[in-house]
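Please read them with the sequence and the structure open beside you.

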Amino acid sequence: MLNRSIVISILLALVASPALAIETPRIIPRSERVAYPIDQVFGTLKHYFNDSSLSGFRLTSADDKSWTLVATRSDIDGENWKRWAFCKTSAQQMIYQFDDGTVTVTVQLQKAGNQAAFVTVSADFQGNYGLGSQEATVDCVSNGSLEQDLIAVAGGPSKESH
C-alpha cells in the first residue's frame with residue numbers, strides 16, 4: 001500500500017510540474033526540394049522580397065555565400081493573418097482586438113544537385129492586440145501557409161498540389 005501511494009505521489013508531481021511540461025516549438029521550418037539551380041532560386045526570392053508591391057515584404061539581408069535571405073513584413077491585414085498565424089493569448093487578452101502583425105521570414109537554400117535546390121523557410125510571427133489604451137504583443141505560431149506560399153514562389157509546389 002505504501003508503494004502505491006508513493007507512485008501516485010510521484011505521478012501527480014510529474015503531471016503538475018511545469019518544469020517537465022513539453023511545449024510545442026513556436027517556429028517550425030518548412031522545407032521542399034525545387035527543380036531549379038540554387039542561384040536562380042536565390043535570385044527569384046531576392047527579387048520577390050525586394051519588390052514590396054509584389055510581396056509586401058522588405059528584404060533585410062541577402063547572403064549569397066550562405067544562401068540565406070531574411071525579410072520582414074508588418075501591417076499585415078486580418079485576412080492574411082488568419083491564413084498565416086495563430087496567437088495564443090492570455091485569458092485577459094482574449095477580448096483584445098487584432099491591430100496588426102509582423103513576421104520575419106528566414107529562407108535557407110542548399111544545393112541539391114546542379115539543377116535543384118532545397119528550400120527551408122521559417123516564419124517568426126508577432127501579433128499586436130489592443131483594447132482601448134491597453135496593447136499587447138504576442139508571439140504567435142505559424143500554420144505553415146506562408147512558408148508554403150514562399151516555397152511556391154521559389155518554384156516548389158503550391159499548397160493546392162499538396
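1. Among the contacts in the chain with a separation of 6 or more, 65% are accounted for by residues 24 or more positions apart. The model is a predicted one, and its secondary structure comes to 5 helices and 7 strands, which follow one another along the sequence in the pattern α-β-α-α-β-β-α-β-β-β-β-α. Of the 162 residues in the chain, 31% are buried.

2. A search of the whole structure finds 2 salt bridges. One of them is formed by Arg-30 with Glu-147, whose closest N and O atoms are 3.8 Å apart; because Arg-30 lies in strand 1 and Glu-147 in helix 5 (residues 145-153), the pair ties together parts that are 117 residues apart in sequence. The two partners have these accessibilities: Arg-30 is partly exposed, with a relative accessible area of 23%, whereas Glu-147 is buried, at 0%.

3. The side chains of Arg-83 and Asp-149 also meet in a salt bridge, at 3.8 Å from N to O. This pair links distant parts of the chain, with Arg-83 in helix 4 and Asp-149 in helix 5, 66 residues apart. Arg-83 is partly exposed, with a relative accessible area of 33%, and Asp-149 is partly exposed as well, with a value of 22%.

4. Arg-30 deserves a further look. Its place is in strand 1 (residues 30-34), and, leaving out residues up to four places away in sequence, Arg-30 touches Val-119, Thr-120, Val-121, Ser-142, Asn-143, Gly-144, Glu-147 and Ile-151. A polar atom of the Arg-30 side chain lies 2.6 Å from the backbone oxygen of Ile-28. The C-alpha atoms of Arg-30 and Leu-150 are 9.9 Å apart in space, although the two residues are 120 residues apart in sequence.

5. Thr-120, one of the residues touched by Arg-30, lies in strand 6 (residues 117-131). Apart from its neighbours within four places in sequence, Thr-120 is in contact with Pro-29, Arg-30, Ser-31, Thr-106, Val-107 and Gln-108. With one of these residues, Ser-31, the side chain of Thr-120 makes a polar contact of 2.9 Å. Thr-120 and Leu-150 are 30 residues apart along the chain, and their C-alpha atoms are separated by 9.6 Å.

6. Which residues of helix 2 are buried? They are Ile-38, Val-41, Phe-42, Leu-45, Tyr-48 and Phe-49, and because they cover an arc of only 130° around the axis, they sit on the same side of helix 2. On the other side of helix 2, Asp-39 and His-47 are exposed.

7. Ser-55 has its place in helix 3 (residues 52-55) and counts as buried, at 6% relative accessibility. Its side chain has a polar atom 2.8 Å from the backbone oxygen of Tyr-48. Not counting residues up to four places away in sequence, Ser-55 touches Tyr-48, Phe-49 and Arg-73.

8. Arg-73, in strand 3 (residues 68-73), is a residue I would ask you to inspect, because a salt bridge needs a side-chain nitrogen of Lys or Arg within 4 Å of a carboxyl oxygen of Asp or Glu. Arg-73 is buried yet has no salt bridge, and the nearest side chain of opposite charge, that of Asp-77, is 4.3 Å away. A polar atom of the Arg-73 side chain does lie 3.1 Å from the backbone oxygen of Ser-55. Beyond four places in sequence, the residues that Arg-73 touches include Gly-56, Phe-57, Asn-80, Trp-84 and Thr-102.

9. Two backbone angles remain to be noted. Most residues other than glycine have a negative phi. Trp-67, in the loop between strand 2 (58-63) and strand 3, has a positive phi of about 55° although it is not a glycine, and Trp-67 counts as partly exposed at 23% relative accessibility. Asp-75, in the loop between strand 3 and helix 4 (78-84), likewise has a positive phi of about 55°, and Asp-75 is exposed, with a relative accessible area of 61%.

Definitions and conventions
Residues numbered from 1 in each chain as written. Predicted model: local features only at pLDDT ≥ 70, side-chain atom pairs only at ≥ 80, totals over all residues. Heavy atoms only, no water. Buried < 20%, exposed > 50% of the residue type's maximum accessible area, 1.4 Å probe, protein only. Helix = DSSP H or I, 4+ residues; strand = E, 2+ residues; numbered from the N terminus. Arc of directions from axis to C-beta. Lys, Arg positive; Asp, Glu negative; His and termini not counted. Polar contact = N/O pair within 3.5 Å; in protein donor to acceptor, adjacent residues only side chain to side chain. Contact = heavy atoms within 4.5 Å.
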